[in-house]
Protein chains: 2
Amino acid sequence: MIRATTPPPVFYTLPPLGSNPSTEAQGTSPGSFALRPGVGTAYAFSSPDTPGMPAPSTKTAWDFLPDGWEVLEGTEARRHEGTHGWHVFTDSMDVTRAICPVEGFVPSTQLESARLGIVTPQMRRVAEREGHLSPEQVRDEVAAGRMVIPANKVHLRHKLDPMAIGRASKTKINANMGASPVSSGLDEEVAKLKYAERWGADTVMDLSTGGDLDATRIAIIENASVPIGTVPIYSMIIGRTIEELDERIVKDTLISQAQQGVDYFTIHAGVRFSHIPLVRKRLIGIVSRGGSLLAKWMLTHNKENLMYTMWEDICDIMREYDVTFSIGDGLRPGGLADATDAAQLAELVTLGELTERAWRKGVQVMVEGPGHVPFDQIEYNMKLQRTLCHGAPFYVLGPLVTDIFPGYDHITSCIGATSAGYHGASMLCYVTPKEHLGLPKAEDVKQGCIAYKIAAHAADIALGIPGTRDRDDELTKARAALNWQKHFDLSFDPDTARAYHDEDLDVDTDFCAMCGHDWCSVRISKEIVEFASGKDESYDWDKPQRSAALNKEQQDILQKRGNLTQDQIMKLAHKGKKADCHSDVVKDSGTAKLVQLNTLKAHGVTVNENGL
Amino acid sequence: MIRATTPPPVFYTLPPLGSNPSTEAQGTSPGSFALRPGVGTAYAFSSPDTPGMPAPSTKTAWDFLPDGWEVLEGTEARRHEGTHGWHVFTDSMDVTRAICPVEGFVPSTQLESARLGIVTPQMRRVAEREGHLSPEQVRDEVAAGRMVIPANKVHLRHKLDPMAIGRASKTKINANMGASPVSSGLDEEVAKLKYAERWGADTVMDLSTGGDLDATRIAIIENASVPIGTVPIYSMIIGRTIEELDERIVKDTLISQAQQGVDYFTIHAGVRFSHIPLVRKRLIGIVSRGGSLLAKWMLTHNKENLMYTMWEDICDIMREYDVTFSIGDGLRPGGLADATDAAQLAELVTLGELTERAWRKGVQVMVEGPGHVPFDQIEYNMKLQRTLCHGAPFYVLGPLVTDIFPGYDHITSCIGATSAGYHGASMLCYVTPKEHLGLPKAEDVKQGCIAYKIAAHAADIALGIPGTRDRDDELTKARAALNWQKHFDLSFDPDTARAYHDEDLDVDTDFCAMCGHDWCSVRISKEIVEFASGKDESYDWDKPQRSAALNKEQQDILQKRGNLTQDQIMKLAHKGKKADCHSDVVKDSGTAKLVQLNTLKAHGVTVNENGL
């Protein structure tokens with residue numbers, strides 16, 4: 001049908017290409033516009049730099065070894081093979097290192113094992129879960145400090161399934177939960193944990209400030225297959241004021257929580273006394289709970305932040321159980337107007353210093369980031385952290401890109417989170433629709449998780465992480481084939497997709513209620529035989545068929561939408577004999593006729609000689 | 001309390017700064033990281049270019065004047081002042097132009113008026129609505145082709161409130177609606193129009209393909225204060241097959257719709273015969289309804305797209321009523337795998353050609369864009385369009401940044417839309433949660449509009465458009481002052497924000513249910529007197545007070561969330577005498593006591609001697 005034609009001339013130049021996020025060369029997209037992947041370097045998966053962005057640090061955790069360690073590279077290293085006290089190994093970038101820790105050293109953390117060239121079972125498991133990485137690459141990323149595996153030895157004895165956070169692995173999301181003095185209880189928190197895991201949370205933070213904190217935490221850890229993080233200062237001041245906080249309380253609390261199996265601690269050691277005046281001109285001062293409490297402590301005692309001065313002691317406690325640092329950003333901005341200001345960036349410099357000090361103690365580190373950041377400032381925030389913290393994974397909260405949409409902050413923030421993930425963040429802390437207004441309920445946890453799965457997944461595709469677009473491509477093929485069941489099966493939330501579809505037309509046809517039969521571009525596109533999509537027969541649409549009766553969850557979804565009466569929903573749920581044609585609810589008979597005509601075949605009411 | 005301390009040394013360099021999106025120098029943010037504004041140039045408000053991005057075109061609509069026109073600049077121009085047939089004016093960039101149109105020329109479109117130096121009433125109204133632009137700047141942007149004012153003369157006689165689309169003005173959003181043969185009717189469409197206007201749609205497209213198309217269109221135009229767009233090919237094939245389409249039908253339909261008052265037409269003239277083979281390897285072929293219909297027409301008749309060959313005739317019809325072009329992208333990708341491919345970009349080259357030809361005919365032009373685009377490819381798509389279409393406003397659909405979240409595509413796409421807006425799109429066509437599944441209901445229209453208001457607003461702030469962050473800053477101040485009522489008043493959707501808040505704690509206290517009293521960072525931040533935020537007394541939080549009874553909408557919101565029983569919602573709605581303390585619903589008495597303690601004062605149950 002189509003004549004050979006001269007292809008149109010090309011008037012454009014594509015930017016340099018990174019890798020294709022599809023396993024096979026699916027589709028016609030030229031591949032990712034991110035930089036070419038460089039696992040084993042600071043550029044594992046990276047966006048190209050907009051002019052003015054700081055370059056990555058030239059240092060890694062290898063530059064911050066404990067005192068007394070010796071390390072050699074290359075030929076010199078190879079000469080120490082077999083020498084007592086020396087560990088010699090060649091990494092996945094073909095660099096041979098010889099390491100001599102201090103006498104009698106026994107590795108306790110994943111970082112320490114990695115430094116000795118050991119591939120731990122947790123690293124193996126991580127490599128299994130990240131299809132594109134080998135166990136050795138995981139080890140090398142951990143050794144460089146660019147990846148963490150938050151896995152408290154105690155939690156590993158329960159159900160923890162080890163995972164990794166870092167720019168070489170896929171982008172992760174965290175769900176916050178926790179009882180407050182005003183709302184929520186233990187059972188509800190465990191239920192929220194299960195709900196968060198179901199909807200894809202990679203880690204969960206228990207931020208309880210009310211109820212029985214220890215009982216809640218233990219219950220969550222015992223039930224969690226994902227790493228659990230906490231902000232221990234919350235426990236430190238239960239039953240006392242912040243002013244009463246002292247070193248003994250800090251140590252006791254950290255030891256207790258480490259023993260309970262917490263996988264990572266947020267410690268707001270970066271808020272220093274000298275930073276406080278920088279907050280003065282802000283519109284909304286300090287919005288981090290930990291940050292504001294410690295600022296108050298410093299002002300009361302006229303002393304430097306005790307978390308900062310105690311840093312090495314804290315490291316010793318965390319090293320023993322392999323609790324990972326999530327160094328808190330107590331001065332994160334609480335509104336767009338305060339973003340990227342002197343206070344925030346001064347603290348970030350300190351976070352870099354604390355990263356170096358923790359690495360010297362053998363403790364794994366990730367660093368927390370904002371919060372509320374205008375869209376234009378996100379890339380800079382990510383890349384400045386990469387520089388100042390030498391590639392330690394960045395774990396950001398959102399950020400929100402506007403402040404005037406309370407009730408929708410899962411959306412305002414997942415926009416920022418996508419950009420953050422693309423430009424360098426390794427984990428995205430979710431924000432739910434209840435943010436700024438109250439504690440999230442189970443439904444909010446789901447909405448928050450989904451918004452953040454969108455952000456993380458979109459960032460991974462954008463970065464060209466191998467295989468991350470495969471499911472999108474499969475769904476596109478199912479869509480092209482008008483195979484509705486497969487379309488829903490490949491959806492992240494099949495129940496919602498099916499319920500929305502069946503709300504209009506509970507029959508799987510070769511069109512949908514958006515356009516109707518005659519107007520379905522995908523159907524027409526299939527008609528143009530030469531360009532038929534969805535050629536894979538396993539995708540092919542067969543014939544119109546009634547969808548199965550709605551399950552409970554799908555009924556609930558339709559009920560909450562409130563567009564159908566209870567009666568209509570029950571009809572859909574039970575799929576009675578009478579064809580539930582939409583023309584039933586059309587007012588005038590002329591319109592009804594049109595609708596009937598269009599859905600006749602689909603509903604199987606009349607089948608013509610062609611069988612369709 | 002605070003000692004003078006040496007400020008910490010600065011270890012970072014900020015990128016070059018654009019302008020501050022706040023009217024006053026609010027807060028501590030250094031301002032936008034976008035380029036410095038250049039209204040009157042191709043860089044009106046622009047993101048900095050990532051390496052590999054095409055530079056803006058050096059041409060504008062001034063380079064595509066009708067045959068027979070003469071134009072002079074500078075001293076030469078000034079010499080024609082007072083000469084018969086010449087229009088001489090100095091624009092807002094201080095360029096003096098002398099224009100001599102063909103004999104007897106009478107301007108019909110905003111573009112033609114602008115070319116003669118005329119500031120129309122519509123341009124004045126646009127300048128009023130865009131606080132940062134003067135009427136002359138609006139005229140100059142229209143003359144350059146970088147801005148359109150879609151305002152059919154017929155619609156102007158009804159209630160149309162003129163607005164502008166272009167990169168010098170704020171980013172706009174469009175809401176699609178329209179009956180399909182399978183779903184929805186006339187009344188419902190008008191109700192959706194009002195709902196879309198209420199939730200901030202700047203323009204509305206009536207994409208009806210079912211029901212009485214003319215009646216629906218007329219009703220929508222008569223009721224709309226926003227410009228109305230259509231895709232006239234939908235009307236052209238009612239009652240006939242696409243194969244029967246001919247030039248006469250095209251003309252008659254366009255004339256009829258222009259006479260009805262449609263403000264802009266989507267015409268898929270960019271799909272050319274030679275592009276069709278480029279679609280062959282796509283995963284999902286052609287997903288534009290107009291594009292697929294015209295491809296079928298071309299294949300059937302073995303002829304070039306008649307919209308392309310008839311372009312000048314179409315221009316003549318549109319010029320008469322000042323209908324603006326929205327040149328359709330019939331080959332937009334239908335999945336990530338097909339984004340930025342040869343077919344899409346070949347069509348974009350044609351869209352540039354059609355832009356030039358329309359400008360020569362005096363017709364205003366915007367250009368439509370994708371669709372489904374991975375996050376990394378969005379900037380390139382925006383900037384390539386800026387180059388090939390010489391700055392004509394880009395009107396994009398989303399784009400979605402992942403394909404596997406049907407039911408949540410308002411979110412997947414508003415992420416892409418934010419990036420598109422920042423990198424150069426002038427209008428964002430919303431996507432609702434029902435996209436790919438069925439026709440949007442009123443609630444979906446609201447959700448789509450809100451997601452896109454978020455995207456447009458976030459982009460405007462990021463670009464540093466003056467004044468766009470003011471409301472965010474006001475809300476941040478209210479938040480800092482813990483002034484809940486003001487917080488809600490400044491919210492985009494106050495009812496939802498209030499309902500979510502009252503779900504946990506129907507008392508406006510100096511804390512919220514997220515953290516409770518003792519843990520409220522904002523409250524603690526206020527305590528640190530020297531850094532008190534929200535100093536403006538009009539923001540100050542007064543004392544705990546019961547919020548007013550929930551209105552109907554707020555009750556509905558809570559009901560749909562399904563976290564409270566009907567009984568609890570009614571209690572909230574009526575605000576009976578009994579304090580509706582949350583401790584009532586806590587199971588064990590110990591927890592209840594804690595909750596009561598924390599909310600005692602707030603509920604006004606007991607007030608101590610300090611009155612709080």
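The contact, meaning heavy atoms within 4.5 Å, takes 162 residues from chain A and 162 residues from chain B. This is a predicted model, in which local features need pLDDT of at least 70 and side-chain atom pairs count only at pLDDT 80 or more, while totals for chains, interfaces and linings use all residues. Residues are numbered from 1 along each chain as its sequence is written, chains are lettered from A and ligands numbered from 1 in the order in which they are written, and side-chain values use heavy atoms, with hydrogens and water left out.

How much area do chain B and chain A bury between them? The figure is about 14000 Å², with 67% of it on carbon and sulfur atoms. Buried area here is the accessible area (1.4 Å probe) that two parts lose on being put together, summed over both.

Eight salt bridges are found across the interface of chain B and chain A, each being a side-chain nitrogen of Lys or Arg within 4 Å of a carboxyl oxygen of Asp or Glu. One of these joins R561(A) to D444(B), where the closest N and O atoms are 2.6 Å apart.

Finally, how are the copies arranged? Chain B superposes on chain A by a rotation of 180° with 0.0 Å of shift along its axis (RMSD 0.0 Å), by least squares on the C-alpha atoms of residues with pLDDT of at least 70 in both. The two copies are thus related as by a two-fold rotation axis. Moreover, 100% of the interface residues of chain B are also interface residues in chain A, so the copies meet through the same surface.
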